[in-house]
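User: Hi, I'm new to this structure and would like a short tour. Could you show it to me before I start asking things?

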Amino acid sequence: MASDIRRVTEAELNEQKAYEKRVSSLLSQRYEEKPLACVVTYGCQQNVADSERIKGMLEKMGYAFTEDRHSAKLVIFNTCAVREHAEDRVFGNVGALKKYKLANHDVIIALCGCMMQQKHIADRIYNSFPFVDLVFGTHVVHKLPELLYSALTRRKRVFELPDIDGVIAEGLPVKRDSESKAWLPIMYGCNNFCTYCIVPYVRGRERSRNVSDIEREFRELVESGAKEITLLGQNVNSYGKDLTPSVSFSELLRRLNDIDGDFRIRFMTSHPKDCTKELIETMASCEKVACHLHLPFQSGNNRVLKAMNRDYTREHYLSLINYARELMGDELSVTSDIIVGFPGETYEEFLDTVSLIKEVKATSLFTFIYSPRVGTPAAEMDDPVSYDEKSKWLRELLKVQEEISAEQMALHKGKIFKCFVIAKGKLGDNYVAAKTDGNIIIEFEGDEWLIGTFQKIKVTEPLTFVLKGELIKE
């Protein structure tokens, strides 16, 4: 393994297990029944995975769980710093608990996650939200038992926000939200420093988990019944570059694909500058790896891409998509992220993005108006275009993508897909929703017991963003 990656030692983990027991003993003395904890998660799938580990530790400490914040003895907000809207929601929802806290002094209110790793945010929480008991950053999640014990036993507030470059903590307990679907982090942090993005500052530099640890957890998931496993990283294409000996992401995919079992592998997110032909060839040749490539291009204009520090061009991006389609054909589903209104972007440059989406023909897009993040280079750039004007651009782009999505959906009429059934549907009370290998949603009439299983579904009616289908009974 790479020597410069800080890995939490067994002794440190044992110390936290001792704190778990202390908290459990304390709670059993205070409450006749298990106290309830409410974990509220904002942001990306990595935050969801972090929350599952937080809940795993809380369960060991003696908590049960609720989604009702006003019946919980512990409320934890796991926050996201990527966009201003998410931050505003956190401040509003934390503020709404002030009366509840004043009426219930034994309640612990805690905040963690990416927002808390920013000094100006932590200072605001400290000064404007005195009823918040515990604040901790992204690099000390594994120390939750110790931090919570301090919050429960000390009268003063606990703020644990070390300015370090991040760690890897193996062996933490996990309480998963689903038995059949799982998030599996393979690496943490980011080295790219896109000029608009706060993630490298709050998540630290890239650090890869050891292959053996990933394989062990993956096998455990398969053995416990997981059918759809998503590998997570800010840039999974960089996986293994910091390991000795080096291991590529493609090699990791092939090793996981060779594990026995009926499952599907997904991954996110890929960065175009590190997306290789080898990865695309691996996707095409590994039958358990989904033919879905989420490859954010952010802008279709090369000047804007350079200003974003994305390190690729429009032409390079298109060459990757064309090669992937050459190998995987109609089975491939492409999705992407777009930022509209980056500082200094002109309308003509925005139109380059519109023309690119017409060439890419993505199944769907995740689109956002640029949101300045304190501490990033882009936040200091001139930004003369108004928010209202950017909103008009976004509506124009969405109109084009809606037509493209409808065209893409229409291509699948009459096809039969092996789908993973994920949830109740929205088209009617008796519908359930499933995902194709290409991450497209098909809704069909079926019983809820189908959720968490693979089923063959025939597409009967393409809609704009989803497909309508029928169950093929064998």
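User: How do strand S4 and strand S5 pair, and over how many bridges?

Analyst: Strand S4 (residues 108–113) and strand S5 (residues 134–136) run in the parallel sense, with 2 bridges. Strands are DSSP runs of E with at least two residues, helices are runs of H or I with at least four, and numbering goes from the N terminus. Two strands pair if DSSP finds at least two bridges between them. A word on sources: this is a predicted model, where local features need pLDDT of at least 70, side-chain atom pairs count only at pLDDT 80 or more, and totals for chains, interfaces and linings use all residues. Residues are numbered from 1 along each chain as its sequence is written, and side-chain values use heavy atoms, with hydrogens and water left out.

User: What stands opposite leucine 111?

Analyst: That would be valine 135, in S5.

User: What is the strand order in the open sheet?

Analyst: The order is S2-S1-S3-S4-S5-S6, 6 strands with parallel pairing. At the edges are strand S2 (64–65) and strand S6 (158–160), each pairing on one side only.

User: New topic: is lysine 101 buried or exposed?

Analyst: Lysine 101 is buried, as its relative accessible area is 9%; buried means under 20%, exposed over 50% and partly exposed in between, using a 1.4 Å probe and protein chains only.

User: Where is lysine 101, then? And which residues does lysine 101 contact?

Analyst: Lysine 101 belongs to helix H4 (residues 98–103). Leaving aside neighbours within four places in sequence, lysine 101 is in contact (heavy atoms within 4.5 Å) with Val107, Ile108, Ile109, Phe131 and Asp133.

User: What about strand S11, how many of its residues are buried?

Analyst: In S11 (residues 264–268), 5 of 5 residues are buried. Side chains in a regular strand alternate between the two faces of the sheet. Here one side has Arg264, Arg266 and Met268, the other has Ile265 and Phe267, and both faces are covered.

User: Which strand pairs with S11?

Analyst: Strand S10 (residues 228–232) does, in the parallel sense over 5 bridges. One of the bridges joins glutamate 228 to arginine 264 in S11.

User: Last one: which classes of residue line the second largest pocket?

Analyst: Its lining has 9 nonpolar, 4 polar and 9 charged residues. Nonpolar covers Ala, Val, Leu, Ile, Met, Phe, Trp, Tyr, Cys and Pro; charged covers Asp, Glu, Lys and Arg; the others, Gly among them, count as polar. A pocket is an open set of points on a 1 Å grid over the protein atoms alone where a 1.4 Å probe fits, with protein on both sides within 12 Å along at least five of seven lines, and lining residues have an atom within 4 Å of a point.
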